[in-house]
Amino acid sequence: RAGKHHHTQLYIDGAAVERVSSVKFLGVHPADDLTSTTNTTAVIKRAQLRLYPLRSLRKAGFPTVHLTTFYRGTIESILTYGITSWFGSCRAYEQRQLNRIVKTASRII
């Protein structure tokens, strides 16, 4: 529907409850409009930050087995945590960004 619905203010023990657009719950960011953009952005940012240590390990001469273990323990675990709850609502460009991280990691390894 075109417009946003305005709900009445909720009170608990006489105190007004603040309405937020997104909240972090168990590491996943569900949004009030059921989109996964907030969560996907956070996942992409966290996974990209882990690419630098992977590059550093590769530059230091670590074997491929150790690099793969590092990838699975840090980057892959970030990308796949709670994936069943948020990946279905990802937009195409968000899926491309996630795939780009996987491709970059595979080139580093």
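The largest nonpolar core has 17 residues, and Ile75, Leu79, Leu98 and Ile101 have the most contacts inside it. A nonpolar core is a set of buried Ala, Val, Leu, Ile, Met, Phe, Trp, Tyr and Cys residues joined through side-chain atoms within 4.5 Å. This is a predicted model: local features need pLDDT of at least 70, side-chain atom pairs count only at pLDDT 80 or more, and totals for chains, interfaces and linings use all residues. Residues are numbered from 1 along each chain as its sequence is written, and side-chain values use heavy atoms, with hydrogens and water left out.

Four helices (DSSP runs of H or I, at least four residues, numbered from the N terminus) each supply at least two residues of this core: α1 (37-49), α2 (51-59), α3 (64-80) and α5 (92-108). The most come from α3, with five residues. In soluble globular proteins, nonpolar side chains tend to be buried together.

Now look at α5. Buried means under 20% relative accessible area, exposed over 50%, and partly exposed in between (1.4 Å probe, protein chains only).

| State in α5 | Residues |
|---|---|
| Buried | Glu94, Leu98, Ile101, Thr104, Ala105, Ile108 |
| Exposed | Arg96, Lys103, Arg107 |
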